[in-house]
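Work through the exercises below with the sequence and the 3D view side by side. Try each task before you read its solution.

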Amino acid sequence: MKPSKVFHLAWSTNLDECEQNEKLAYGPARTGLKSLLKACGETGAHLIFMSSDGIFGDPKCERFEDSLPCPINHYGRGKVEAENRIRDSAVEWTILRACPLGFNRHHNRGLVNWTIQSLKEGKNVTGFTDSSFTPLSATTLARMLASIGKPDFGKILHFISTPAITKYDFLRMSARRLGVSESLVSKGSLSDMKFKALRPSRQDLQTREPTRRVFPIERELEASLVN
């Protein structure tokens with residue numbers, strides 16, 4: 001096979017597991033990626049790598065395409081290592097950063113699955129008021145991935161929603177969309193949680209090309225909750 005494009009989307013997104021098992025955090029950036037870069041080099045394939053907003057952990061960091069990464073956990077550091085290996089390679093590449101959001105039909109895990117199940121069952125949920133992000137629906141992300149081509153060689157792309165939203169406000173908007181009471185959503189703080197991996201308080205990516213890669217948060221939320 002000699003594909004014109006190769007999409008590298010595989011990675012563990014369980015931050016706590018990555019923190020406890022460094023093979024999950026760094027393995028995809030090493031042996032597997034080395035083989036993939038070799039294959040792309042031999043076939044001339046365009047490598048499109050799905051990175052993450054998790055490379056920016058320090059809340060004081062800027063979050064533009066050309067900003068220096070500032071990861072605070074193994075997951076983020078693994079993504080940075082992969083980005084660096086790709087940028088130092090001789091293959092044609094594009095790096096994409098986004099925060100995908102969508103219902104997972106195959107595994108009952110993830111923010112959207114938990115949100116839909118909990119709110120529909122009338123359970124109380126807690127949303128962090130000190131954790132903001134710029135989520136993008138899986139539908140929009142797939143469309144944008146498919147649009148990446150030769151003009152994007154050697155570029156880092158940010159696809160985001162606007163305005164940035166806290167996890168608390170995300171849950172309140174989800175409750176309205178699902179037709180349940182917003183009173184089910186309580187305010188919480190990251191500082192109250194005992195996660196094994198540090199969580200960034202800010203995951204809101206920024207972009208210098210807003211006309212092409214920024215989408216309204218209401219539309220992205222609507223699309224992500226479709227199950």
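## Exercise 1: The open sheet

An open sheet of 4 strands has parallel pairing and the order S1-S2-S3-S8. Find the strands that stand at the edges.

*Solution.* Strand S1 (5-8) and strand S8 (155-158) each have a single partner strand, so one side of each lacks a neighbour in the sheet. On average, neighbouring strands here are turned by 20° against each other, direction ignored. Two terms need their rules. Strands (E, at least two residues) and helices (H or I, at least four) are DSSP runs, numbered from the N terminus. Two strands pair if DSSP finds at least two bridges between them.

The model is predicted: local features need pLDDT of at least 70, side-chain atom pairs count only at pLDDT 80 or more, and totals for chains, interfaces and linings use all residues. Residues are numbered from 1 along each chain as its sequence is written, and side-chain values use heavy atoms, with hydrogens and water left out.

## Exercise 2: Strand S2 and its partners

How many bridges join S1 to S2, and which residue stands opposite Thr94 in S3?

*Solution.* Start with S1. It is joined to S2 by 4 bridges, and the two run parallel. Phe7 stands opposite Ile48 in S2.

Now take the other partner. S2 (residues 46-50) and S3 (residues 93-97) pair in the parallel sense over 4 bridges. Ile48 faces Thr94 in S3. Leu47 stands opposite Trp93 in S3.

## Exercise 3: The two faces of S2

Which residues of S2 point one way, and which the other way?

*Solution.* Recall the rule first. In a regular strand the side chains alternate between the two faces of the sheet. In S2, His46, Ile48 and Met50 point one way. Leu47 and Phe49 point the other way. Of the 5 residues of S2, 5 are buried. Buried means under 20% relative accessible area, with exposed over 50% and partly exposed in between (1.4 Å probe, protein chains only).

## Exercise 4: Helices H5 and H7

At what angle do H5 and H7 pack, and which residues make the contact?

*Solution.* Step one is the geometry. H5 (residues 111-120) and H7 (residues 167-178) pack at about 55°, with axes 10 Å apart. Axes are lines fitted to C-alpha atoms, for helices over the stretch in contact, and angles run from 0 to 180 degrees between N-to-C directions. H5 and H7 are therefore oblique to each other. Angles under 35 degrees count as roughly parallel, over 145 as roughly antiparallel, 65 to 115 as roughly perpendicular and the rest as oblique.

Step two is the contact (heavy atoms within 4.5 Å). H5 gives Leu111, Trp114, Thr115, Ile116, Leu119 and Lys120. H7 gives Phe170, Leu171, Ser174, Ala175 and Leu178.

Step three is burial. Val112, Asn113, Thr115, Ile116, Ser118 and Leu119 of H5 are buried. Their cover includes strand S4 (100-101), strand S5 (125-128), H7, strand S11 (185-188) and helix H9 (217-224).

## Exercise 5: Helices H7 and H9

Which residues in H7 meet H9?

*Solution.* H7 and H9 pack at about 60°, with axes 11 Å apart. Phe170, Met173, Ser174 and Arg177 in H7 meet Glu218, Leu221 and Glu222 in H9.

## Exercise 6: Backbone details

Which residues does a cis peptide bond join?

*Solution.* Thr162 and Pro163 are joined by it, with omega about 0°. Pro163 lies in the loop between strand S9 (160-162) and strand S10 (165-166). Most residues other than glycine have a negative phi, and most peptide bonds are trans.
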